[in-house]
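Subject: A structure to look at

Dear colleague,

I am passing on a structure for you to look through, and below it I have set out what was found in it. Please keep the sequence and the 3D view open while you read.

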Amino acid sequence: PTSSILNINFDGDLNLSIYNMLGQQILETNDKQIDISGFERGTYILIVQNLESNNSTNFKIIKE
């Protein structure tokens, strides 16, 4: 769980998208430090896409 900053530790180029539980995209960025302090409390899905290999991975984020 986090309440303010998500830090992504990866050397390559990434595309990051955050979705709420209704499937609505809340944020899309290439920045590896994401401020989610303005988000409401709840659960979100972070989709991390590696732009070099085009692979993507999903993470569940819990905002306190």
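**Ile26 and its surroundings**

If we leave aside the neighbours within four places in sequence, Ile26 is in contact with Ile18, Tyr19, Asn20, Phe39 and Tyr44. Before going further, please bear in mind that this is a predicted model, and that what follows was computed from it. Ile26 itself belongs to strand E3, which covers residues 25-29. Is Ile26 buried, partly exposed or exposed? Its relative accessible area is 38%, and because buried means under 20% and exposed means over 50%, Ile26 counts as partly exposed. For a sense of distance, you could find Ser53, which is 27 residues away from Ile26 along the chain, and whose C-alpha atom is separated from that of Ile26 by 24 Å.

**Phe39, a partner of Ile26**

One of the residues that Ile26 touches is Phe39, which is found in the loop between strand E4 (33-35) and strand E5. Phe39 has a relative accessible area of 17% and is therefore buried. Not counting residues up to four places away in sequence, Phe39 touches Ile18, Ile26, Leu27, Tyr44 and Lys63. Between Phe39 and Asn20 there are 9.9 Å from C-alpha to C-alpha, and the two residues are 19 apart in sequence.

**The protein as a whole**

A compact globule of 64 residues would have a radius of gyration near 11 Å, and the protein, with 11 Å, agrees with that. Along the principal axes, the C-alpha trace spans about 35 × 20 × 15 Å.

Of the 64 residues, 30% count as buried, and the protein exposes about 4,400 Å², of which carbon and sulfur atoms supply 43%. If you consider the contacts between residues at least 6 apart in sequence, 47% of them join residues at least 24 apart. As for charge, there are 4 positive and 8 negative charges, and their mean positions lie 11 Å apart.

Asn15 has its place in strand E2, residues 14-19, and at 14% relative accessibility it counts as buried.

Thr2 sits in the segment before strand E1 (5-7), and with a relative accessible area of 15% it is buried. A polar atom of the Thr2 side chain lies 3.5 Å from the backbone oxygen of Ile5. Apart from residues up to four places away in sequence, Thr2 touches Ile36, Ile61, Ile62, Lys63 and Glu64.

Gly42 lies in strand E5 and is partly exposed, with a relative accessible area of 27%. Its contacts, once the neighbours within four places in sequence are left aside, are with Ile61, Ile62 and Lys63. Although Gly42 and Pro1 are 41 residues apart along the chain, their C-alpha atoms are separated by 9.8 Å.

Ser56 lies in strand E6 and is likewise partly exposed, here with a relative accessible area of 48%. Ser56 touches Ile47, Val48 and Gln49, residues up to four places away in sequence not being counted. Ser56 and Thr43, which are 13 residues apart in sequence, are 19 Å apart in space from C-alpha to C-alpha.

Key
Residues are numbered from 1 along each chain as its sequence is written. This is a predicted model: local features need pLDDT of at least 70, side-chain atom pairs count only at pLDDT 80 or more; totals for chains, interfaces and linings use all residues. Side-chain values use heavy atoms; hydrogens and water are left out. Helices (H or I, at least four residues) and strands (E, at least two) are DSSP runs, numbered from the N terminus. Buried means under 20% relative accessible area, exposed over 50%, partly exposed in between (1.4 Å probe, protein chains only). Contact means heavy atoms within 4.5 Å. The radius of gyration is taken over C-alpha atoms; the globule rule is 2.2 Å times the number of residues to the power 0.38. Accessible areas come from the Shrake-Rupley method with a 1.4 Å probe; for residues, only the protein chains shown count as cover. Lys and Arg count as positive and Asp and Glu as negative; His and the chain ends are not counted. The place of a charge is taken as NZ of Lys, CZ of Arg, CG of Asp or CD of Glu. A polar contact is a pair of N or O atoms within 3.5 Å; within protein, one must be able to donate a hydrogen and the other to accept it, and residues adjacent in sequence count only if both atoms are side-chain atoms.
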